[in-house]
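Please open the model in your viewer and keep the selection panel at hand. The stops below go from whole chains down to a single residue.

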2 protein chains.
Amino acid sequence: MKMEKETTIYDIAKQLNISPATVSRALNDHPAINIDTKKVIISKAKELGYRTNIFASNLRRKKTNTIGVIVPRLNSYFMSTVLAGMEKVANEASYNLIIAQSLESVKKEMANVKTMFNSHVDGLLVSLSYDTENLDHFEPLIKKGVPILFFDRVLTHKKCTSIVIDNLKAGYEATNHLIAQGCKHIMHITGNLQRNVYQDRLKGYRLALAESGLHYCEELVRTTDFSYQSVNEMVQYLTSLKPVPDAIFITNDFYAAHCIVALKQAGFSIPEDIAIVGFNDDPIAMVVEPNLTTVRYHGQEMGEVAAKSLINHLNEQSSIKDTNAIILHSELVVRASSLKGKST
Amino acid sequence: MKMEKETTIYDIAKQLNISPATVSRALNDHPAINIDTKKVIISKAKELGYRTNIFASNLRRKKTNTIGVIVPRLNSYFMSTVLAGMEKVANEASYNLIIAQSLESVKKEMANVKTMFNSHVDGLLVSLSYDTENLDHFEPLIKKGVPILFFDRVLTHKKCTSIVIDNLKAGYEATNHLIAQGCKHIMHITGNLQRNVYQDRLKGYRLALAESGLHYCEELVRTTDFSYQSVNEMVQYLTSLKPVPDAIFITNDFYAAHCIVALKQAGFSIPEDIAIVGFNDDPIAMVVEPNLTTVRYHGQEMGEVAAKSLINHLNEQSSIKDTNAIILHSELVVRASSLKGKST
């Protein structure tokens, strides 16, 4: 590939027959340079396609104005809203986002961290993969003083901040709502229990059961990878239980919507036979029939807060080192799928 | 923010009491350096947290190994699958993605292009905003020889390649399918007709009508921003037509699913009264009842092909300058929402 030669301040100086120092000062808006001279120089720079030499300037400043983002998967509705929020804030603050996905594998996550390390990102925003067990692979960056902020799927580290919703509270409220509808055999379908988000929702579920004097039963808790392919097997399992659960709290709207479709095909009425609560408030929740009760989880807001906290830290307006965790708001949105005897 | 001092080859050399030149050669795997010496040097480099000095090396090579991506919105299912495909290919080829969203505004798109210009991206992947009318704002990059590849929403430029599906054919097949079901008054709900994707689907719709001797009627073609808020007004409009359309081809699954919900609430049977075809094969299509007939559009594949074409060009394995357009496969997926008299 043939690249055109990069325009330098020397080219501009030569064409205008002035000194490179004057050009440099004018382009940096130095007060010593006359405003008309500045105009002439800026106009010539534009004409010649001059670009700020970020390499040389980064070399001096040791800053790249880039933020690395590592997420499990880019192609989920929730993650796409988080990224939209991050991009908005970063763009407004003149930071670029470099984005990588771990594809739910800690090995790929390690490779991503290495890439970010070698790309000299100024900071890192991370949501952990399915099977990440510790934060050792982030240590080289932490040692360099590169700030890292974990969001949604997190592990705690004394030098890093976490941004999460109160997953225990969310799980507690979802389960309590089902108990208030008169449900006694409440199933819980969720993700890998090593991840904080699923661990904490399960705690909330157990707490709600315990407070209401309902028996916690291991066969009513099942984990899944939330793949479309696994829905039928899960529905077969739960409908073979004796008694069949009268409610299910599922920590993923996409999976919950497909369970509703499969349960209706198997002859069950929702919510009369089985009440359903999902998680995330994905657009699918308003299309499935009956509409899905769910936990509204503000992805865009999480992305904005994460990016803003990191950038404020980088700009020395605040320090994330003082903050252990930032808890964001979430709320139960009640729709027809969980309202016993009141379904539309 | 206090940053630790960056480790240099001089620090490594000093600690090992050898020359910086030997360190540099060892780290670049030079054959003149003994393998045991290399091991000692690499181990020390790791211990001291040495990073390749990408700034200095980029300054020499004039390459950043970054690809810029500008899309209308990050938070759509289709775009998230495209990005997932791009990230996969870029990551495997050791390129980073810098991502920006235009939020459907040409002004923001111009600002994004400027950012990409100043970030010295090696190449650019772009899907145009709602109101972009020409490619003038890309000229500074094109003049620099930075390759640009447009995907999905494109305008043609003799120095750039476009990656699209055959939208005319897709629109033609969707409409023909409805005609084959016996529909005579087929409505078309679509996006901004300045954008190629919507323009071409409309052409396909018109062609199918013309071939079947059906009258083209302007009041049966309506454009929308596909917002959830506009669904009710659209349904009111179409149900007030005389006669009410017996089919609708809608170029967005999310919108089509919500139209189905609203039409059913208004007392219409789908597909008996009104047959519906959507576009994209979003996961929502398998949840709405009846399941939605749609055009399957491989977003992940489009992202992979776009990134691969650009990287092959950058690596001089092929040139996108010889290619005017790359057309990807799409296909009609028939489900219950359009099968007259055969609905489940």
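Two residues are in contact when they have heavy atoms within 4.5 Å. This is a predicted model, in which local features need pLDDT of at least 70 and side-chain atom pairs count only at pLDDT 80 or more, while totals for chains, interfaces and linings use all residues. Residues are numbered from 1 along each chain as its sequence is written, chains are lettered from A and ligands numbered from 1 in the order in which they are written, and side-chain values use heavy atoms, with hydrogens and water left out.

**Chain A**

Select chain A. Among its contacts between residues at least 6 apart in sequence, 72% join residues at least 24 apart. Colour by secondary structure to see 12 helices and 12 strands; these are DSSP runs numbered from the N terminus, helices being H or I of at least four residues and strands E of at least two. Along the principal axes, the C-alpha atoms of chain A fill a box of roughly 90 × 40 × 40 Å. Of the 344 residues of chain A, 54% count as buried, where buried means under 20% relative accessible area, exposed over 50% and partly exposed in between, with a 1.4 Å probe and protein chains only.

**Both chains**

**The cores**

Select A:M86, A:L125, A:I276, B:M86, B:L125 and B:I276, the residues with the most contacts inside the largest nonpolar core, which has 150 residues. Such a core is a set of buried Ala, Val, Leu, Ile, Met, Phe, Trp, Tyr and Cys residues joined through side-chain atoms within 4.5 Å. A second, separate core has 40 residues, including A:I70, A:I142, A:I148 and B:I142.

**A:T251**

Go to the loop between strand 8 (247-250) and helix 11 (253-265) of chain A, where A:T251 lies. Is A:T251 buried or exposed? A:T251 has a relative accessible area of 3% and is therefore buried. Its side chain makes a polar contact of 3.1 Å with that of A:T190; a polar contact is a pair of N or O atoms within 3.5 Å, and within protein one must be able to donate a hydrogen and the other to accept it, residues adjacent in sequence counting only if both atoms are side-chain atoms.
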